[in-house]
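My plan is to look up a few spots and write down what I find.

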Amino acid sequence: MHNISLNMPPMSQTFDPEDILKNRCILVNGPVIVGAGPSGLAVAACLKDQNVPFVVLERANCIASLWQNRTYDRLKLHLPKQLCQLPNFPFPDHFPEYPSKFQFISYLESYAKNFNITPNFNETVLSAKYDETFGLWRIKSNRIKSDKVVEVEYICRWLVVATGENSEKVVPEFEGLSDFGGNVMHACDYKSGVNYSGKNVLVVGCGNSGMEVSLDLCNHNANPSMVVRSSVHVLPREIFGKSTYEVAVMLMKRLPIWMVDKILLGLTRVILGNVEKYGLKRPCMGPLELKNTSGKTPVLDIGALEKVRSGEIKVVSGIKRFSQGKVELVDGKVLDIDSVVLATGYRSNVPSWLKENEFFSKDGMPKDPFPNGWKGNAGLYAVGFTRRGLSGASLDAISVSQDIAKSWKEENKQRKKTVAARHRRCISHF
């Protein structure tokens with residue numbers, strides 16, 4: 001086994017790709033971070049500030065691959081920019097209150113450049129397992145280089161899981177879908193409604209993605225029908241000129257969550273009216289309590305509700321089965337449709353590669369809820385699993401980097417003492 005020396009320069013963070021091709025086993029004097037999305041970038045930047053070396057592994061060929069490759073073009077941040085900025089790097093002043101997808105990607109690229117974060121791209125982690133005998137993590141990956149796949153093993157004291165809550169798309173099975181014959185895609189592959197003009201499109205799902213895809217289809221003269229199978233909270237994006245999120249946070253500083261929910265729903269009724277008469281039934285549990293207990297995010301309306309009211313977006317019941325060019329609904333109605341967009345959400349992929357069952361649950365989320373879900377045992381950490389968006393990821397990144405930096409500095413100090421003692425013993429023999 002060929003190891004990279006632990007006495008590397010203090011700010012070494014990545015290794016020459018040619019080194020990886022020659023040396024299949026790499027000892028890292030610092031943490032390995034899996035994922036180069038906003039969460040991975042945030043913890044890497046915070047570690048830079050602490051002068052702790054690290055390696056970032058990313059399966060895609062770019063940072064923030066979810067944002068760059070798997071989001072629709074009209075997407076904007078749902079919260080004001082000041083609530084979405086990563087640690088130690090504000091958004092540019094000229095950015096609007098709600099930056100677009102492309103502006104956010106530009107911000108992340110500037111963030112990586114500012115902190116000199118250079119991930120190892122095209123490197124997929126196959127497994128990560130803690131070696132109790134040596135007290136180290138062993139991370140095996142496949143790296144694609146010049147159309148060749150090279151197996152690499154990293155050995156480190158700390159492992160940061162930053163692959164996020166949305167690393168894999170969820171595609172439910174529907175009876176007869178293979179017989180449908182039309183175009184079927186997940187929302188992660190949908191970019192724009194420009195090619196759907198005049199088409200009847202079934203949008204499966206009524207979360208933020210389902211609502212926004214339906215709105216985008218309307219704006220491109222398509223005829224969307226949105227499947228609403230369960231209850232959903234629809235809130236205004238802003239209340240009296242302030243973001244709904246800011247209003248909620250302000251109220252929660254003084255009031256219990258159940259009371260804040262009642263206030264939010266009362267204000268929503270005043271602003272949006274009764275949405276249930278359009279087929280959007282509200283859950284029994286309030287939006288904030290539901291978010292805390294199940295992770296289900298309320299929909300922040302940016303114009304889709306107006307289209308629902310006008311009938312341009314048709315709300316339909318759940319799906320019973322598909323057939324050639326048609327869908328039969330559970331209420332017995334049959335719709336002629338040309339295409340299907342599955343806005344059916346995402347899930348964590350952590351269980352597929354992390355060989356551990358104490359910190360993460362079977363669904364790939366930390367077992368301990370926010371704010372305690374960032375630290376496991378034996379140097380295992382998680383960033384970006386709070387169900388609280390970018391602000392939650394930033395809080396996690398700060399906590400994780402500070403904890404790792406403390407351990408890393410203590411271990412380096414002890415190592416230097418050991419080396420000095422050995423040096424003194426060697427001198428005493430002469």
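**Entry 1: a word to settle.** Before anything else I need a cut-off: buried means under 20% relative accessible area, exposed means over 50%, and partly exposed covers what lies in between. I also remind myself that this is a predicted model.

**Entry 2: Gln50.** I looked up Gln50 with that cut-off in hand. Its relative accessible area is 22%, so Gln50 counts as partly exposed. Where does Gln50 sit? I found Gln50 in the loop between helix H2 (38–49) and strand S3 (55–57).

Next I asked which residues Gln50 is in contact with, leaving aside its neighbours within four places in sequence. My list reads Ser401, Gln402, Ala405 and Lys409. I checked one of these, Ala405, by its C-alpha atom: it is separated from that of Gln50 by 6.3 Å, though the two residues are 355 apart along the chain. I also noted a polar contact of 3.1 Å between the side chains of Gln50 and Lys409.

**Entry 3: Ser394.** I moved on to helix H10 (residues 389–428), where Ser394 is found. Is Ser394 buried or exposed? With a relative accessible area of 8%, Ser394 is buried. Setting aside neighbours within four places in sequence, I see Ser394 in contact with Gln85, Leu86 and Pro87.

**Entry 4: two helices.** Then I turned to helix H7 (residues 257–272) and helix H8 (residues 287–294). They pack at an angle of about 130°, and their axes are 7 Å apart. I therefore wrote them down as oblique to each other.

Which residues meet there? From H7 I listed Ile257, Val260, Asp261, Leu264 and Leu265, and from H8 their counterparts Pro287, Leu288, Glu289 and Asn292. Sorted by kind, the contact of H7 with H8 has 6 nonpolar, 1 polar and 2 charged residues.

**Entry 5: a sheet.** My next stop was an open sheet of 3 strands, in the order S17-S18-S19, with antiparallel pairing. S17 and S19 are the edge strands, as each pairs on one side only. The twist from one strand to the next averages 20°.

I took the S17 side to begin with. Strand S17 (residues 319–323) pairs with S18 over 4 bridges, and Phe322 has Val327 in S18 as its bridge partner. The two strands form a hairpin with 2 residues between them, and Gly325 in the turn has a positive phi of about 70°.

Then I looked at the S19 side. Strand S19 (residues 334–336) is joined to S18 by 3 bridges. Here Lys326 stands opposite Asp336, and Glu328 has Val334 as its bridge partner. This is a hairpin too, with 4 residues between the strands, and Gly332 in its turn has a positive phi of about 95°.

**Entry 6: the faces of S18.** Last, I followed the side chains along S18 (residues 326–329). Which of them are buried? Val327 and Leu329 are, and they point to one face.

How values were computed: Residues numbered from 1 in each chain as written. Predicted model: local features only at pLDDT ≥ 70, side-chain atom pairs only at ≥ 80, totals over all residues. Heavy atoms only, no water. Buried < 20%, exposed > 50% of the residue type's maximum accessible area, 1.4 Å probe, protein only. Pairing = 2+ DSSP bridges. Axes fitted to C-alpha atoms, helices over the stretch in contact; angles between N-to-C directions. Parallel < 35°, antiparallel > 145°, perpendicular 65-115°, else oblique. Contact = heavy atoms within 4.5 Å. Nonpolar A, V, L, I, M, F, W, Y, C, P; charged D, E, K, R; others polar. Polar contact = N/O pair within 3.5 Å; in protein donor to acceptor, adjacent residues only side chain to side chain.
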